Amino acid sequence: MMQKTLTTNTQEISFNEFKKEVLNDYRIAKISRECSLLGRREVLTGKAKFGIFGDGKEVPQLAMAKAFLKGDFRSGYYRDQTFMMAIGELTAQQFFAGLYAHTDIEADPMSAGRQMGGHFATHSLNEDGSWKNLTQQYNSSSDISPTAGQMPRLLGLAQASKIYRNEKSVQDKTNFSNKGNEVAWGTIGNASTSEGLFFETINAAGVLQVPMVMSVWDDEYGISVHAKYQTTKESISEILKGFQRDKKNKGYEIFVVNGWDYVQLMDVYQKAAKIAREEHVPVLIHVKELTQPQGHSTSGSHERYKDKERLQWEKNHDCIAKMREWILDFELETETGETLRFIDSEEEMILLEKAAKKEVTNAKRNAWNAYLNEIKAEGTLVCQLLERVAKKSLNGTFINKYKNDLQSNIEPTRKDVLSTARKCLWHIKDENFSEKIELQNFIKSAIKTAYDKYSTFLTNDDDNNVLSIEEQKPSYSKEKNLVDARIIMRDNFDAILKKHDDVVIFGEDAGYIGDVNQGLEGLQEKYGDIRISDTGIREATIIGQGIGLAMRGLRPIAEVQYLDYLLYALQIMSDDLATLRYRTFGKQKAPLIIRTRGHRLEGIWHAGSPMGGIINNVRGIHVLVPRNMTKAAGFYNTLLEGDDPALVIECLNGYRLKEELPTNLGEFKTQIGVVETVKEGKDITVVSYGSTLRLVQDAAKDLAQVGIDIEIIDAQSLLPFDLNHDCVKSLAKTNKLLVVDEDVPGGASAYILQEVLENQNGYQYLDSKPATLTSKAHRPAYGTDGDYFSKPSAEDIFEKVYDIMHEENPQKFKSLY
């Protein structure tokens with residue numbers, strides 16, 4: 001193909017520079033391919049656990065990298081290694097360090113061994129947790145494995161540019177955006193476009209008109225299943241033609257290009273970037289005729305499901321092979337009659353390929369040695385210690401066997417080292433000598449070190465984390481000002497929006513009408529439809545918007561109308577938001593606040609309290625369950641002083657109840673992880689939260705009439721729960737415990753029981769069996785009576801408490817039935 005110059009970043013470069021760049025691109029592609037080939041071998045020989053690689057996708061990723069500028073963000077999937085290499089954010093040695101799960105963040109900057117290879121990320125945070133200047137670096141949001149899980153986040157990453165370009169209040173945040181010129185780049189395999197998350201995101205991006213370029217790598221298969229079983233018409237670009245923009249309607253720009261055509265790919269990606277960057281129009285690039293030379297992953301072989309014709313076609317159309325042909329065939333005659341070529345002979349190409357292969361081989365060896373030598377050093381230390389222990393122990397023969405087995409293991413894991421030490425300790429449990437103490441100390445130190453390597457950064461671990469923010473009580477005027485509780489929410493959000501220029505609030509009915517319960521009444525008119533906006537009915541991408549916006553320095557509050565609707569978004573919350581800080585070893589964060597309402601709703605689909613399912617799926621997100629709107633408003637104020645994600649569940653039946661309006665709106669704070677004793681008592685501790693707590697308070701009045709004085713504790717915060725252990729302090733006084741919850745049996749009530757009895761050692765104070773009072777195992781039936789007979793009532797609470805007191809003193813509290 002004849003071409004004088006190549007346009008890159010809108011600048012024309014000379015032929016010699018063009019030649020240099022083309023050959024360097026080919027070198028990167030070959031390095032990436034060699035990483036894939038050697039990576040598979042490392043898995044099959046047992047050095048790594050699993051591999052899923054980007055072979056066959058190299059050339060289009062080179063084109064994408066050319067159009068990707070500093071400040072841009074990638075939200076992709078686990079086949080994008082060539083792209084990361086091309087932008088200079090992944091070396092071959094780092095590739096193998098990730099494959100081996102090296103727990104050093106310097107060795108594996110993607111996740112410090114916490115994710116399998118192929119999950120790519122850049123560092124958005126400095127060592128102190130503060131933001132880097134994201135406009136001065138290439139950015140990749142941390143990948144997750146669930147198919148299409150990268151899509152919702154992509155929407156928010158793109159929308160951030162639109163907000164930074166059009167919202168005056170944040171245009172001074174130059175560390176996060178250069179006038180909204182950043183593009184969010186998404187990648188996905190063609191089969192994963194069948195997922196609902198893909199279609200939900202594509203639709204939302206078209207509605208919002210955000211600068212998003214979506215690449216679909218199409219190799220005609222999803223694992224072993226052909227495209228004819230995946231996609232209507234076997235083509236995602238065909239079925240998305242209705243999204244194509246025209247003169248009358250906004251929509252997408254759609255390109256279709258062959259994945260082996262280097263020149264066309266470069267042209268298409270430059271055009272796509274220009275459209276998205278300048279016009280803020282989303283672009284879909286369907287990259288066809290790609291291959292997957294090693295099949296889907298190391299767990300199988302594609303020869304099992306591809307016939308000989310297909311395998312031969314893939315060999316002929318391998319994108320690197322086609323690029324090689326183009327380089328070898330390229331000739332250009334100048335006006336002076338000179339013939340220009342990329343290379344003068346194939347021997348030059350062979351030398352380049354050999355050099356790439358050698359580079360990868362050396363990188364693999366260096367990565368393996370760096371990984372293994374740390375562990376071997378620990379193993380040597382243990383063996384030396386065990387040798388001394390064996391000399392002192394009566395069980396020296398057994399200990400020497402363990403030591404010798406460890407010494408003979410030429411590729412030990414940390415598990416091997418620590419397991420050996422622990423088993424040897426069992427053999428000397430009844431003996432006493434100084435070496436035993438050394439062994440105990442080694443084991444304790446190794447477990448602590450392992451915690452640092454594998455269990456930190458679930459939430460912000462720094463001293464200035466949100467849990468350290470102390471309570472600031474609401475203040476009130478001398479004249480009591482009782483208002484509908486929704487007014488407190490509305491006026492506090494008003495104060496928040498004044499105080500925090502970077503706060504944006506969006507969700508179902510959140511904009512024009514000010515949310516379904518009027519907690520945002522009039523605020524869109526006051527602050528504009530960027531800071532307070534409506535969304536479609538699409539819960540997963542509402543959360544995704546929030547994640548992406550938060551990753552780009554904004555403070556989003558994403559509203560999902562009812563708690564039950566959160567189930568649509570639970571996968572994104574669990575797999576992406578809750579794990580982000582953890583899976584990046586504290587190098588990325590998304591301080592998203594999710595606002596919803598629940599408790600005491602009626603009917604199967606609006607029951608309002610699937611709490612057990614939520615809290616056990618979203619570790620890494622604070623889950624807050626305020627009993628009234630003042631407490632809820634205080635939580636929002638607290639959260640905006642920190643940088644952890646959180647879910648705030650307001651009480652649906654509390655908006656019209658009267659509460660006193662504070663005078664320090666936007667300033668008072670509800671402390672996270674701290675319970676509140678709302679009524680002191682001496683007979684039994686009753687723990688509850690949300691709307692059900694009011695039923696407990698109602699029951700307390702009736703119980704007092706029969707001589708039972710209950711202590712009521714409002715959990716307030718489920719994740720985390722009662723960090724000060726106030727529940728066990730109450731239990732030490734009352735010696736009896738009841739947890740009241742409107743979740744199903746074994747849900748949040750079982751969680752609270754474990755926290756109080758096991759983690760707080762509350763079992764030692766019990767004089768009677770601890771009890772729970774929950775909803776029935778089914779979803780609540782519809783209507784007032786359905787609610788009454790499905791969920792705990794004030795009468796249920798009265799009788800449950802009374803039964804516990806009857807068991808202790810049957811003479812005083814005679815059986816009711």
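Colleague: Which domains does the lining of the second largest pocket draw at least three residues from?
Modeller: Domain 1 (15-343) and domain 3 (482-660), at least three from each. The bounds come from an automatic or database domain assignment. This is a predicted model: local features need pLDDT of at least 70, side-chain atom pairs need 80 or more, and totals for chains, interfaces and linings use all residues. Numbering starts at 1 along each chain, and side-chain values use heavy atoms, without hydrogens or water.

Colleague: How much space lies in that second largest pocket?
Modeller: About 350 Å³. Its lining has 16 residues. Gln159, Leu208, Asp529, Ser533 and Asp534 are the closest to its centre. (A pocket is an open set of points on a 1 Å grid where a 1.4 Å probe fits, with protein on both sides within 12 Å along at least five of seven lines; lining residues have an atom within 4 Å of a point. Volume is the space filled by probe spheres on points joined across faces, edges and corners.)

Colleague: OK, the largest pocket. How much space there?
Modeller: About 450 Å³. The largest pocket has 24 lining residues. Lys49, Tyr100, Ala101, Tyr371 and Thr413 lie nearest its centre.

Colleague: Why does the largest pocket lie between two domains?
Modeller: Because domain 1 (15-343) and domain 2 (372-450) both give residues to its lining.

Colleague: Which element gives the most to that lining?
Modeller: α11, with four residues. (Helices are DSSP runs of H or I, at least four residues; strands are E, at least two; both are numbered from the N terminus.)
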